Structure formats: C-alpha cells, structure tokens
Amino acid sequence: MASNHLTGIGSESKQLATWYFTFAAIIFGAQLLFGLVAAIQYVMPGFLFEILDFSVARMLHINALVVWMVFAMFGSVYWLLPDETGIETIGIKIGKLLYWIFVAAIVVVILVYLFIQVGPADETSIWFIHEGREYIEAPRWADFGIVVVALGFVANLWLTGFKGKNSGIVTVLMADMIAFAGLYLAGMFFTDNITVDQYWWWWVIHLWVEATWEVFVGAIAAYGLITMIGAHRKVVEMWLWIEVAMLFGSGILGIGHHYFWIGTPEYWWEIGALFSALEPLPLVAMFIHVLYDWGKTQGGQDATGVEVSVVNNKPAFTWFVLNAFGNFLGAGIWGFFHTLPQVNLYTHGTQFTSAHGHLAFFGAYATILIGMMYIAVQGTNGIKVMKHTKSSLWAVSLIVGGVMGMTIALTVAGYVQVLVSRAQMGATWAGYFDGQSGMWFAQAMDWRLFMGALTFLGFLFLVKDLLSTGKNPVHEK
Amino acid sequence: MAKASVWSDNRFWQRSAAWITGFAAVLLIWLTFDTAGQIEMGTDEDLKNGVTKRVPGPTVINYKVTYEMSTKRGHEVPVIGGANGDEKEKFFGRDDWSEKEARDLLHLGKLGSQVKNCMNCHTLLGNGAYYAPDLTKAWLDPAWQDGGTMQSLTGKETKEEAMAEFLQHPSTYPTHARMMPDLGITAEEAKGLVAFLKHMSSIDTNGFPRNFGRMENAGVRNGK
C-alpha cells in the first residue's frame, strides 16, 4: 500500500492505519494456515503429531483471529478518525511507537507458542508461555503490554474526539473502545475455581464479540455508508444510536447463554434465553439499514436521470454488504440455532459451536474489516471510484464460498455429534469417539478441509488484489 | 420540514441508547454479585456438615462423588458422599487429605490444566475445543471405573491411578487414531490434574451433560 497520496490533515493517522491493516493481513494469513493444520489433523490424526499438536495449532488459529481483528479494528479507527474529527489524531507519534511495541509483542508470543508450546505446571508458565484460556491465551506479561497499547489507543481516540469535531460515530467509538479495552482486565487473573474462572472469562469473550465488537461494526458500517455511497449522516447516525441501544440492550445480558452449565445458578437459563433470543434483532436491523440506505441513495441518484452507481468503492462496499448479511446469518441465525437452554444442553461444546464461530467471526467481523482495508487502499492511492478486479471477485467468491462450505460441513458434523455422542451415548469418552468415527462426521471433516483450502486460496487472491489494485488502470483516479 | 418528531431525533435515540446500556450493565453487575456468592468455593466444614455448594471445597476429593437424577430439579446433580453425605472414597490411597493439602493439589491441577492447554483440544464445562472428549464429568466416566476399558488398559488398581498414568504417558495407551500427545506431565502434576478433574465433576452444572454415562452402550452405569 503506497502512501504517496496520503497528504494533509490526518495523513499521519491514515499512514498508521495502513500499518495496522498490513500486519492484520499477515496475521489473517497465519490464522488460516494454522486452521488448515488443525483441519488436516481431524482428517489425518498423525499429521505433525507431537511436533505441532492440535492444541498448539488451534491456539494459534484462534489467537491469530483475535489479534488480526484487533489490529484491523485499531487500523479502522486511525483511518476514519481524521475524516470524522477534521483534525490529525492527537498523540500519533506515541500511537506509532505503540504499534511497534504491539507488533513485537505479538511476534514474541507467536514464537513462544510455536517453539516452547508447553511448560511445567507453575505460575512461570502462565507468565511467560501462555495462560491456556481459549481466545485469551496470551501470557501474563503480554496482557500488561496489551493493556498499555490499548490505553494508548484509547487515549489517542479520546483526545482527538474531544478536540476535533464530535460526530455521533466518534462518540459511539469512544464509549465502545474504552469498554472494549477495559473488559480485557476481567481476563487477567488466576483462580483455582474453574466456575469463577469461566464466569469472568466470558466477560471478556462475550462482551467483546457480542457487545462491544458488534457496536464497533455498527459504527464502521455507518462510516462506510457515509463515505462510500454518500448516505445522509443524520439518518445513519440515528440508526447507529438505535443499533447501540438494541445491541447493548440484548447483548450485555445475553451473556447469560454462557452461564447455563458452568456451575452458575439456574436463573441464567431464563435471562440467557430471553436476551440472547433478542440478539439477532439488531443484526436484522443493521442488514435492513444498509440495504435501505443503499436503495435510497441510488434511487435519489436515478431520479436525477443520470444513471451512475452511487458506490465509490465497489470491492469495499461488497464486503460491507456481505458483512450486513453475514452478521445476521452467522451471528444471528447460527447463534439462535443453539442459544436456548433446552437445545444448548445437547449442543454445548460440539461442532455446532464451531460452525457458528466460523460463520459469525467471518460474517460479523472479517468481512467489514476487509472492507476497511479496501477503503484504505482507495485512499492511499487517491482513487475516486474503485472498481472490482478479477482478483477481488475471485477473493470474494472463494472466501465466502469457502467459509459457507466450512460452516455447513461443521453444522452437519455438529448434528452427528449432538445426536450420537450426546443424545444417544450420554457424552462419555466412548460416546464421544462413537460420534467422531461416524461416517457423516468423517465426511463433514473432509469437506471442511476442502472448503478451508478454498478459503485460503481466496485469501491469496485477496492479498494479491490489495497489493496490486491501487495501480490498476481500471479505477477512476 | 414538518414539525420534528421525537422518533427522528438523534438526541432521543442517543439518550435511549445510554439508558438502555446503563440499565443492562447495572443489572449484569447486580446479578454478578449474586452469582459470585453462589459460586464461591465451599470449605471442608461445608462438606463435613453436609452443606451443598455449587462449587464444593477441594477436600471433596476425600468423598465419593456420583451424578444422579434429582426429581426435584428435573436433571442430574452431583451427589457428594452418597445418600448420607459422609461416604468417603480413597484418593491415591488416602481419604484424609487436609484442607491445605487438597487446596495445594487442586491449585497444581488447575495450573496444569491451563499450562498443558487442555482447553485447546478438550472442553471443560463444555467450553474449549472439540478435538477430544468433554472433561466436565471425566472423573465419573464409565471407562475409568473398575472394569472400565481405560482402567484395564493402564493396568492400574484404581481410577485415579489409571487416569494419572494415562496423563503421564498418553501415547502409550492409544485409544483412538486421534491420540493425546505427551505433554511432559510429571507424576505430581498428574495427581493434581486428577484432583482437578474430580473436583470439577462435583460442580453443580445444572444437569450438563445430560444422561452422562447412563446409556446402555456406554457400559457400566456410573457411580452405581
């Protein structure tokens, strides 16, 4: 991403954004590679056995997921901040320094995961190898580093938000990002009580992905609609506030659906069922909102008699629309499938969760963050109207097809597991393996691997396109 | 422009968002206080006096643990110490682990469960990865009981010894094409991990997993 067109107010912030996006894309690739290793191990259990075991590959797969998304989220904020506030981001020099600290920390953590993998059962291992808690495995020393970097980022955002023009989007982001950073603290302690452990662990995971990250997506979608199709700010921001109300209103107490079976009281059944059943509603609203605004703006344009698309960045807008739909489908529908306690009693801890996880993280977050990367490519190359290229279309098709394929395969595997291992066999060791060795389960895992490989191929097209499309003469400069 | 309606007023929606978020957050914090009290780990006294805790104290390793249908609650619950609550069960040859000893053992086991990354293959309380069996009630799994396949395989006399042996040398006892790797677990760590597993099986998980080990094909009915 050449930065020759980044001049004037906000160019420093935007440059930092491109750094964040670049590292995010690299880690995205790592996420897919380690996911492929884990997928191969389901099909060929001897693959890299006692060299790079499933536990390590899977830890890298999900940690890389979180890291690249956080990087791309920070990048998105640094990108849009000058546009929204009208000023250069305050403290950008510190922001850039923190970026390098962040990158260095992540690289060290990954190398330790890869080459040290496991240590003796003591506090030192927790401090320097990993904490062994899904999604937030980062060792304790890195936790403190992450907190420092996140505080720096939030300070940049807040100072800029206060000094510059204060838009609704920036206000939402300010509130959201401080909650996002603050929640990380809930995952930074050790306890012998596994129930207490998982209780607070969900404060981080759930209140990130089903509350603060979703609100972040709402804010980014609002920014995208204004910049890409010229949607009316007042309308967009009003929707944004409605979405915030709906997302936090359902998502915060929706955390109850993680408290059905971990030793917490029974009243979480009712609370979790009610509020998580409401969680898809804001996602429907967001989907309708994007399509409505698109139709309205295009309709307004058509009424002038000049037939021209209002979209000034086709690939980015494609990913934004996919986000609107994917969020609803992956987080909303696939989440609702197994959110009621009566169903969850059997689906909890099966490939069903995995199916939902894949489509939800992709639909809700990967899509819109890829869209933001395209917006950055457009900006850095000074492109007025950005069009699709062959690579961008291949990337969209392969990635979307691949992830959908994986999701369907995992859903089938989940059904087998629920019916055989859980309902029929009572969740024992023997029952577990009976389910795993079923033909449908095995076939589903074959398909998942194939679809994962397609996704990776799509990723290669995506990288090629992000790196080369800026120079492509097809765009209007 | 027509007279502005409150429904199209951004300030109205901004305030609504703030109030709703605040209300939800306050409710969550309030419930957290209530839950925190209920999931606090019990003590040795509680166990001796038959006080039921959702998360029993570490000395639960001295007691017999079963998982039985409660007609009152409509699902299975862990039962500690049999019908009278005082039935002991030897754990590595002893049923008089002091509170301090049991706590230290559980501490080692919980640390081990994280450091050895159990959760990125197994599920614990149903959370984790799906590459290996759920460990919530592993202590009660028919395979580890007397006459169960896993206990026979390791050639050990008791289930805790069998589990500890397996944890130290998992690839020596392949049960499936998908094997557990050697994680360098020492004898002491294995003991801690088994204590952690026994303790976890005694946690009241509102009936998860359902019908555990009660199916005909699963062999021995657990705890009976």
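Read along the sequence, chain B of this predicted model follows the pattern α-α-β-β-α-β-β-α-α-α, which comes to 6 helices and 4 strands, where helices (H or I, at least four residues) and strands (E, at least two) are DSSP runs numbered from the N terminus. The radius of gyration of chain B, taken over C-alpha atoms, is 22 Å, well over the 17 Å that the globule rule (2.2 Å times the number of residues to the power 0.38) gives for 224 residues, so chain B is more spread out than a compact globule. Its C-alpha atoms fill a box of roughly 85 × 45 × 35 Å along the principal axes.

Residues are numbered from 1 along each chain as its sequence is written, while chains are lettered from A and ligands numbered from 1 in the order in which they are written. Because the model is predicted, local features need pLDDT of at least 70 and side-chain atom pairs count only at pLDDT 80 or more, whereas totals for chains, interfaces and linings use all residues.

| Strand | Residues |
|---|---|
| β1(B) | 65–70 |
| β2(B) | 75–80 |

These strands run antiparallel and are joined by 6 bridges, with B:Glu68 standing opposite B:Val77 in β2(B). Their hairpin has 4 residues between the strands, and B:Gly74 takes a positive phi near 75° there.

The contact between the chains, counted where C-beta atoms placed from the backbone lie within 7 Å, takes 74 residues from chain B and 65 residues from chain A. On the side of chain B that touches chain A, α1(B) gives the most, with 13 residues.

Key
Two residues are in contact if their C-beta atoms, placed from the backbone, lie within 7 Å. Two strands pair if DSSP finds at least two bridges between them.
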